[in-house]
Amino acid sequence: MNDGSLRKSGIDLIGDVEWGTHFCQFYATKEDLIDILVPYFAAGLANNEFCMWVTAEHLDEKEATAALRKVVPDLDSRIENGQIEIIPHTQWYLLGGSFEQNRVLNGWVAKLNDAMSRGFDGLRLTGNTFWLEKSDWRDFADCEAAVNEVIGNYRIVAICTYSLEKCNASEIADVVVNHQFALMKREGEWTIIESSDYKQAREALRLTEQRYQTLFTSIGEAFALHEIIRDENGKPRDYRFLEVNPAFEAQTGLTDVVGKTMREIFPGIEPKWIDTYSRVASTGEPVHFQDYAETLGRHFEVHAFSPAPGRFAVIFMDVTKRVQAEEKLEAANEELAASNEELEATNEELRVTTDELHVEVKHRRQAEEALHKESRRISYANRILELFAQETGNDLYDKVLDIVLEATESKHGVFGYIDDKGNLVCPTMSKLFNQCDMDGEHKCICYTREEWTGLWSRALLEGRILYTNEPPAVPRGHVPISRNMAAPILLQDEVIGLINLANKDTDYTEEDREFIGAVTNSIAPLLYTWVQRGLREQERKAAEDALRASARRLNRSQEIAHLGSWELDLLNNHLYWSDEVYRIFGLKPQEFGATYEAFLEAVHPDDRAAVDAAYSGSLREGRDTYEIEHRVVRQSEGKIRVVHERCEHIRDKSGRIILSVGMVHDVTERKQAERELAQARARAEELYEREHHIAEILQKALIPDTKYNVSGCDIAVKYEAALDEAEVGGDFYDVFDLGDGKVGVLIGDVAGKGLAAAIRVAAARHSIRSYAFLDPRPSRVMARANDALCRDGSDMTNMLTAFFAVVDTRVGVVTYANGGHESPLIRTAGGKIEELDLQGRALGAMSGWDYSEDTRLLGPGDVLVMVTDGVTEARPDSRTLFGLKGVKSHLQQFGNGSVERIAAGILEAAKEHAGGKLKDDAAIVALSLKTIRQAGKK
């Protein structure tokens, strides 16, 4: 377990080691044991580690204590305060009369947890195997293999001692294979024997560390990585140094800070630093500022960002000299003014102070040059900012490029952005094409990633500014290029654009690189906002075009709708019909003087009395409106049409009705359609009943089993679909035996609900199971399933999240990988809640994705709980989610029952939180191990 810190082994031959180191010693005499183990434990006690010495016959606990006391004078007090335990093997390996592998492994993990809760840095241990019988050798060798795997994940250093009189050549080989290295005396000198796997891994690690340290120590800016420390209420109270580079120590004067907190170094640290950095670590939003650190007495320019949740890194420079130079410049100006007054008073004083004044003027020139350079940057940056604020079209790119060309004295250039498809779009390229004589097919302003070439391609892919003062190769007809500089535009380490410059009369320099870097840093957020605004503008224009098309369709629909209007002036008995009313009645527009009586003549004879009664009755009864549906006879052809009429009466100030206005809607086709629709609905209902019956059969076939009987495990599954009309939905799970004591456990969620999602569920569940039988490593299963899904397409409906784990019931090791799913939880037998927060990309989004995997030791009484987002997103309103917090709270209170009660309890708690009904499919899988079997025994 390499967390960046080394531990002193106490053994000169070995030196410092990392947490997770597991090695062995072959000894012939008691003195051999004392020679190695005494300095080993002395170093552990001095390094604030909890130490555990399990002895055997060659060196019992009394002899070990006496030997250690000679080099650790205060050993008795350390034993009394519980920093070291020296016990015989019968009280550890053979406790209860027999050796049990899992009891030993779990016991060491428990010792480590207890030690760290008491403030110790980790666990240092040794165990002697002299008690081991030949019949137990195979089991113990398997145990050592498991130990080597488990210890690598914890803050533990372990040495196992083997008596040479009880080991033959084959057994020595077994021991070496299961340890990182071994100590053995040859001709009176201790030597190291390394396993080939460990040697290769160590060499690879050395090369990686060498490359990292070269980069880490070579950068000129100070760098420091920290983690936020919060109090019991979650409020940030401090931060701890995890890593610093040499430039950090040079610029701050602080040494030996790794592992310490800021308040340990500076108890009076200003709260503003902790507040600022905690926001960066919590939100992931970077900050850039300049401020004065009172605790160090220096001015710093700081860039802070978050590489991982809860952590932040700072890159900063000591600008104290620059600030002091500015202050000195101001002071020099004041002194110069005073000197001028003194010069007017006496020439003698001028001669005395001339040399001193020359020095001040020199300093002032230097400061002015630095200020001029900074002012130049600010001036060009402000001009570019104004363009982003004022421009509305693609001319922005040309105008920004012109400013950069002017600033760098370059003749040609390109300015572009990365679109939402990952292509490089360069609106300014068309301007350059006017100076080129290339074929039309080569004149392009949008380049896919596959088309990226040359220096600017490397700059985009590597995310750094590159330049060359040698002529590069260009396509035939392209403007000749003599010098070239390519600067990617980065926002939070993501490339969002490019500025490419060419053909400066003189060579490009580091000063040019520094200037263009400042320009790209200042415009990065503006370019991102501009591109996003452009995308929104495109969406808005598309929406407006759609709205105008809809309006045209609506206008046409109104013409087709056969909707006419009329007005009846009761004072003058004058009736006005719109052209559409004439058409409805089968008359040519304005064919005759319309009157109420003429209108009644056009009404079907059987409906006239009802129509007249409706209108006259509304007048007589003083109602403001009336509406009626009736038939008319078209005079031009004698056909009968059905119309719907609605009328509203207008009154004068005295309340008398003086005007009636209304509409006539020809609903003949609608009436016919309603009759046909009723007939179609009857047929559809009959078809729906048949299809629904088929759907029920299909749904029951897709619902997975919720009862699993797997040897060595207690498993409970709860499932509830969100839709009333379907018993299945987008959530899925599976539990299956992989053989050799290993069990596959799967849970996931397909995008969508209902029958379509259920079909995806069946495919995903059986595919993942099939891949697991081919190669049970969770990371490989996820990668293969993801590639298979991506071959079917990569739209949102094809995506799914999944968590897959392989549980080895023999040793209690859980190996798992996560594909964008909710993090599972483990409730330990002691009541502690742990989150398996390993994350990965959802399946079906992008092919070729690699997935990580991790391991966790699951002890007796521990419960592994997996849920889908139907549980965590259960809510009574749009704000209050049940969340993983709700699952943790339930496990904290009620997690000591059976897995059946735990799974059922979580489901009921989520439903209760949501007001009695879930809005999404929900699945819960709870698993615990029965008595963990010894490795190698059936």
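Okay, let's start with Q492, which sits in the loop between β19 (484-491) and β20 (494-502). This is a predicted model, by the way.

You'll find D256 in the loop between α8 (246-252) and α9 (262-265). So is D256 buried or exposed? Relative accessibility comes out at 57%, and the cut-off for exposed is over 50%, so D256 counts as exposed.

Now over to a helix, α2, residues 61-69. Which residues of α2 are buried? They are A64, T65, A67 and L68. If you look down the axis of α2, those buried residues fall within an arc of 165°, so they line one face of the helix. As for what covers them, the list includes α1 (30-46), β4 (50-55), α3 (75-80) and β5 (84-88).

Last stop, a helix pair. Helix α24 (residues 883-894) packs with helix α25 (residues 899-913) at an angle of about 135°, and their axes are 10 Å apart. That angle makes α24 oblique to α25. The crossing of α24 past α25 is right-handed. On the α24 side, V887, H890, L891 and F894 make the contact, and on the α25 side I902, G905, I906 and A909 do. Sorted by class, the contact of α24 with α25 has 6 nonpolar residues, 2 polar ones and no charged ones.

That's my tour, thanks.

Methods: Residues numbered from 1 in each chain as written. Predicted model: local features only at pLDDT ≥ 70, side-chain atom pairs only at ≥ 80, totals over all residues. Heavy atoms only, no water. Axes fitted to C-alpha atoms, helices over the stretch in contact; angles between N-to-C directions. Helix = DSSP H or I, 4+ residues; strand = E, 2+ residues; numbered from the N terminus. Parallel < 35°, antiparallel > 145°, perpendicular 65-115°, else oblique. Left-handed = near helix turned anticlockwise from the far one by under 90°. Contact = heavy atoms within 4.5 Å. Nonpolar A, V, L, I, M, F, W, Y, C, P; charged D, E, K, R; others polar. Buried < 20%, exposed > 50% of the residue type's maximum accessible area, 1.4 Å probe, protein only. Arc of directions from axis to C-beta.
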